[in-house]
Amino acid sequence: MTQPLELEVVRPATLLQLDRRSLRTRLALRRALAEEIDAVGDLSQVTVTAVTDRAGVTRRTFYSHFKDIPNLVDRVEQDALQELKPYLSALAEVNLAQLKDALDSYKPCPGSAELLGAIRKRGFYLRALLGNGGDPAFAERLKRMVHEVIAKRALHDLDPRAVGPFFDYYLTFAISAEVGVLVRWLTGGMRETDEQMAGLMTALMFVAPGDLYGKPIKLDIPRFALATLVLGEKNNE
């Protein structure tokens, strides 16, 4: 008589153990990737063998999770952006009244210290990937994500004179500047506390020509921008 086939039953506890093991492996590979970038100084020179040796796993284990080093880098960056997005979304919800209250109390923009705290926790690999030897495309991915999160919210109650090319360029300028400062903080060893850096980054967004020299220049920005665009159109006629 033919015996019925015995199917292996994977119990929830076993699945949980597998998930934990998989997570530990991925975290080990992420740390090893960052350490190897630091060691060789160039992401393009990082190899699977070097990363697996540092992580203490086999090449077979690596390939069960990732196709190659670029795939590992892509997943690490995707995960980082997804994890940081809620903090950025909370920051984007801050309105001008809340910002003014914070500034009047000499405090940074609400939510900015929390965002920097989340970045600090991931600093060991964000620094490696955003630094000179890392992935040049990562900073651009970060900028795009920031733009997607704040662009629509930033249009709320915007002066109509600023709508259009000026606002688009302003967002590009502001986001690029903030990401540049963030990278400088990361690669500099994050010496300032989250609160201190949040205060500095908040203040930097309000610096105008002449402010640091005791000779502030007053400028109606929407009016100036509109006049510049109108003048440009006339010159092109």
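Me: Is Cys109 buried or exposed?
Reply: Cys109 counts as buried, because its relative accessibility is 18%. Here buried means under 20% relative accessible area and exposed over 50%, with partly exposed in between (1.4 Å probe, protein chains only). The structure is a predicted model, in which local features need pLDDT of at least 70 and side-chain atom pairs count only at pLDDT 80 or more, while totals for chains, interfaces and linings use all residues. Residues are numbered from 1 along each chain as its sequence is written, and side-chain values use heavy atoms, with hydrogens and water left out.

Me: Where does Cys109 lie?
Reply: Cys109 is in the loop between H5 and H6. Helices (H or I, at least four residues) and strands (E, at least two) are DSSP runs, numbered from the N terminus.

Me: What does Cys109 touch?
Reply: Not counting residues up to four places away in sequence, Cys109 touches Leu91, Val94, Leu99 and Thr202. Contact means heavy atoms within 4.5 Å. Cys109 and Leu91 are 18 residues apart in sequence, and their C-alpha atoms are 7.9 Å apart in space.

Me: And Thr202, where is that?
Reply: Thr202 belongs to helix H10, residues 194–204. With a relative accessibility of 10%, Thr202 counts as buried.

Me: Which atom of Cys109 does the Thr202 side chain reach?
Reply: The Thr202 side chain reaches the backbone nitrogen of Cys109, at 3.1 Å. Leaving aside neighbours within four places in sequence, Thr202 is in contact with Leu103, Pro108, Cys109 and Ser112.

Me: Which other residues of H10 are buried?
Reply: Besides Thr202, the buried residues of H10 are Asp194, Met197, Ala198 and Met201.

Me: What do they pack against?
Reply: The buried residues of H10 pack against helix H5 (96–104), helix H6 (112–121) and helix H9 (165–187).

Me: Turning to H6, at what angle does it pack with H7?
Reply: H6 and helix H7 (residues 123–130) pack at about 85°, with their axes 5 Å apart. The two helices are therefore roughly perpendicular to each other. Axes are lines fitted to C-alpha atoms, for helices over the stretch in contact, and angles run from 0 to 180 degrees between N-to-C directions. Angles under 35 degrees count as roughly parallel, over 145 as roughly antiparallel, 65 to 115 as roughly perpendicular and the rest as oblique.

Me: Which residues meet there?
Reply: Ile119, Arg120 and Lys121 in H6 meet Gly123, Phe124 and Leu126 in H7.

Me: What about phi of Met190?
Reply: Phi of Met190 is near 50°, again a positive value in a residue other than glycine. Met190 is found in the loop between H9 and H10, and is buried, with a relative accessible area of 16%.

Me: Finally, how many helices and strands are there in the chain?
Reply: The chain has eleven helices and zero strands. Of its 237 residues, 34% count as buried. Among contacts in the chain with a separation of 6 or more, residues 24 or more positions apart account for 65%.

How values were computed. A polar contact is a pair of N or O atoms within 3.5 Å; within protein, one must be able to donate a hydrogen and the other to accept it, and residues adjacent in sequence count only if both atoms are side-chain atoms.
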